[in-house]
Amino acid sequence: MTAEQLARAIAAALEEKGGVDIKVIDLRGASPITDYCVIATGTSAPNLKALATQTANTVRQSGSQIHRTNGDSESGWLVIDCFDVIVHVFTAEARAYYAIERLWDKARQLADAPLDNSPASPSEPTPTATEPESPTARADLLINLQISGVALSETDRKLITEGVPVNQWPEELRTKARPFLRTIR
């Protein structure tokens, strides 16, 4: 099963289990850590848990593997890393707060993407991992920190997502992010 087929299968499974506002974002060429990002909203903590279980079942049935899962249903944000596909399941409040779709606003949603390996948008340059201040690099950093279980305050998350230059972050946040910044650059 290709990464695109897996992303589509996960999206369908999330919809079947009651996930809403499901987006599949094509990050090929825009992210150094994944090809597709599936984002869904659950209606409650138990629904988030059910959506995560459904995702895990779909991944296993496809013959793919889950690299890592992080978060819990009570936190409002679960991340399931399947290597070429990363799944984010949020409560409505957490999804509005983190607004990770905004970080990839130049990427295509899968429904709009052709079924080939063409670049995300031929008329616009695609952000790359060599642009550490790009929205995509910031999204990757936030995901890597979340998956790794690094504790971030609300202020830390805002500094990362709102485009504040890294050299203006508090030393503690720079120290937490330093190992991940090296892999994203």
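Modeller: R8 is partly exposed, its relative accessible area being 39%. Buried means under 20% relative accessible area, exposed over 50% and partly exposed in between, with a 1.4 Å probe and protein chains only. The model is a predicted one, in which local features need pLDDT of at least 70 and side-chain atom pairs count only at pLDDT 80 or more, while totals for chains, interfaces and linings use all residues. Residues are numbered from 1 along each chain as its sequence is written, and side-chain values use heavy atoms, with hydrogens and water left out.

Biologist: With which side chain does R8 meet in a salt bridge?

Modeller: Side chains of opposite charge can pair when their charged atoms come close. The criterion is a side-chain nitrogen of Lys or Arg within 4 Å of a carboxyl oxygen of Asp or Glu. Here the partner of R8 is E4, at 3.2 Å from N to O. Both residues belong to helix α1 (residues 3-16), four residues apart, or about one turn of the helix; helices are DSSP runs of H or I with at least four residues, strands are runs of E with at least two, and both are numbered from the N terminus. E4 is buried, at 11% relative accessible area.

Biologist: How many salt bridges does a search of the whole structure find?

Modeller: The search finds five. In one of them, the closest N and O atoms of K23 and D21 are 2.9 Å apart. D21 also meets R95, at 3.6 Å from N to O. Because D21 lies in strand β1 (residues 20-26) and R95 in helix α3, this pair ties together parts that are 74 residues apart in sequence. R95 counts as buried at 6% relative accessibility, whereas D21 is partly exposed at 43%. A network of salt bridges links D21, K23, R95 and E101.

Biologist: Which residues touch the most other members of the largest nonpolar core?

Modeller: In soluble globular proteins, nonpolar side chains tend to be buried together. A nonpolar core is a set of buried Ala, Val, Leu, Ile, Met, Phe, Trp, Tyr and Cys residues joined through side-chain atoms within 4.5 Å. In the largest core, of 26 residues, F90, I100, W104, I160 and W169 touch the most other members. Helix α5 supplies the largest share, six residues. Beyond its neighbours within four places in sequence, F90 has contacts (heavy atoms within 4.5 Å) with residues including I39, W77, R95 and I100.
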